[in-house]
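Visitor: I have a structure open and would like to walk through it. Can we start with how the helices pack?

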Amino acid sequence: MSDANMQVDRRPWLLLSPALVFITALVVIPMAFILVYSFYENVDLAVDVPAIQFGNWQELLTDSYYHTAIWKTLRLSLIVTVLAAVLGYIPAYVIAMTRYRHKWLLLLLLILPFWVSFIIRTLSWIHIFGNQGALNGLMNLLGLGDLPFQIMYTEFTVIVGFIHVFLPYMILNVYVSLEGIDENLEPAARTLGATPWQAFREVTLPLSLPGLAAGSLLVFVLTGGSYVTPLILGGPSDFLFGNLVYDAVVTELNWPMGATLSFTLLFLLGSVVILYSRLMGMNQLAKAFG
């Protein structure tokens with residue numbers, strides 16, 4: 001191979017080298033440390049002994065408590081994702097198709113919640129669903145049933161909290177996908193005899209599926225890795241896998257077990273991302289945040 005060809009072959013790697021260095025330093029090496037730490041042995045609170053033993057992994061694979069947490073995390077993530085997809089498509093479609101001259105204002109209102117702290121937005125539901133909250137107060141005024149209704153600290157409130165926080169991610173991704181569709185396609189389908197519903201079903205919806213899939217990926221992964229919302233809005237049985245990581249590291253000071261659980265969660269959510277990348281590609285995510 002000539003020197004010119006070798007230089008051409010090296011050029012992509014030279015261009016990628018800064019990104020590869022940052023990814024290696026900030027992602028690969030820390031995750032390697034976490035994986036190695038998962039084989040350490042915890043002998044007391046915050047006292048760990050370097051060792052190559054599989055006790056933490058054996059406990060994870062054999063204890064049904066962790067299996068229940070994994071199943072509950074995947075189930076709840078799927079429920080939140082489906083609800084966010086259904087609820088998020090309509091406003092995304094309205095924003096993309098509106099003839100309103102100041103469309104930027106609608107987008108500003110959409111991203112406005114991001115300016116408020118994640119924790120504050122989650123805590124706000126206590127003032128709505130709590131025993132002394134707005135919902136119970138409204139029902140008291142209407143004279144509906146025996147009060148107060150116990151709404152807080154249930155799986156329902158956890159799902160509502162997740163949708164409230166992550167719904168804008170879904171709307172933004174679907175909006176970007178809809179905005180990229182030629183606006184003449186749907187009128188053309190109408191001209192050829194399709195009804196408005198048929199034009200949407202056969203033209204707009206299929207072309208917007210990449211954005212819907214990208215939004216679903218974000219909502220699923222963010223829900224699966226969250227622990228604050230179940231901690232604030234959920235009851236004792238509404239924990240997710242992220243809560244187990246938090247308890248192991250912060251409460252029990254069992255860092256090797258926390259490392260084991262963290263790597264397991266990374267593997268589960270990373271598998272979802274890899275599957276999405278193989279099926280859809282990562283371009284739509286770049287468009288949404290570009």
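Guide: Start with α10 and α13, where P210, A213, A214, L217, F220, V221 and G224 of α10 meet L265, L269, V272, V273 and Y276 of α13. Keep in mind that this is a predicted model.

Visitor: What is the make-up of that contact of α10 with α13, in nonpolar, polar and charged residues?

Guide: It divides into 11 nonpolar residues, 1 polar and no charged.

Visitor: And how do α10 and α13 run, parallel or antiparallel?

Guide: Their axes cross at roughly 180° and come within 10 Å. The angle is over 145 degrees, so α10 and α13 count as roughly antiparallel.

Visitor: OK. What angle do α2 and α3 make?

Guide: About 65°, with the axes of α2 (residues 55–62) and α3 lying 5 Å apart. That makes α2 and α3 roughly perpendicular to each other.

Visitor: Which residues make the contact there?

Guide: From α2 there are E59, L60, L61 and T62, and from α3 there are S64, Y66 and H67. By type, the contact of α2 with α3 has 3 nonpolar residues, 3 polar and 1 charged.

Visitor: Switching to the inside. Which residues of the largest nonpolar core touch the most other members?

Guide: F162, M170, V174 and L178, out of 35 residues in that core. The elements giving two or more residues to this core are α3 (64–97), α8 (155–179), α10 (196–224) and α11 (228–233).

Visitor: Which element gives the most to this core?

Guide: α8 does, with 14 residues.

Visitor: Take M170. What is M170 in contact with, beyond its neighbours within four places in sequence?

Guide: M170 contacts T81, A84, A85, G88, L212, G215, S216 and V219. There is also a second, separate core of 15 residues, which includes A69, F220, A248 and L265. F220 and L265 also belong to the contact of α10 with α13.

Visitor: What about polar side chains? Is T204 buried or exposed?

Guide: T204 lies in helix α10 and is buried, because its relative accessible area is 2%, against a cut-off of under 20%.

Visitor: What does the side chain of T204 make a polar contact with?

Guide: The side chain of E186, at 2.4 Å. Leaving out residues up to four places away in sequence, T204 touches Y89, Y93, M97, L178, I181, E186 and A199. L178 is also one of the residues named for the largest nonpolar core.

Visitor: And S38, where is the place of S38?

Guide: In the loop between α1 (3–37) and β1 (41–44). S38 counts as buried, at 0% relative accessibility. A polar atom of the S38 side chain lies 2.5 Å from the backbone oxygen of L35.

Visitor: What does S38 touch, not counting residues up to four places away in sequence?

Guide: S38 touches N56, W57, P256, A259 and T260.

Visitor: Last topic, backbone angles. What is the phi of Y153?

Guide: About 60°, a positive value, although Y153 is not a glycine. Most residues other than glycine have a negative phi. Y153 is in the loop between α7 (134–142) and α8, and is partly exposed at 44% relative accessible area.

Visitor: And what about the phi of L253?

Guide: The phi of L253 is positive too, near 55°. L253 sits in the loop between α12 (241–251) and α13. With a relative accessible area of 27%, L253 is partly exposed.

Note on methods
Residues numbered from 1 in each chain as written. Predicted model: local features only at pLDDT ≥ 70, side-chain atom pairs only at ≥ 80, totals over all residues. Heavy atoms only, no water. Core = buried A, V, L, I, M, F, W, Y, C linked by side-chain atoms within 4.5 Å. Buried < 20%, exposed > 50% of the residue type's maximum accessible area, 1.4 Å probe, protein only. Helix = DSSP H or I, 4+ residues; strand = E, 2+ residues; numbered from the N terminus. Contact = heavy atoms within 4.5 Å. Axes fitted to C-alpha atoms, helices over the stretch in contact; angles between N-to-C directions. Parallel < 35°, antiparallel > 145°, perpendicular 65-115°, else oblique. Nonpolar A, V, L, I, M, F, W, Y, C, P; charged D, E, K, R; others polar. Polar contact = N/O pair within 3.5 Å; in protein donor to acceptor, adjacent residues only side chain to side chain.
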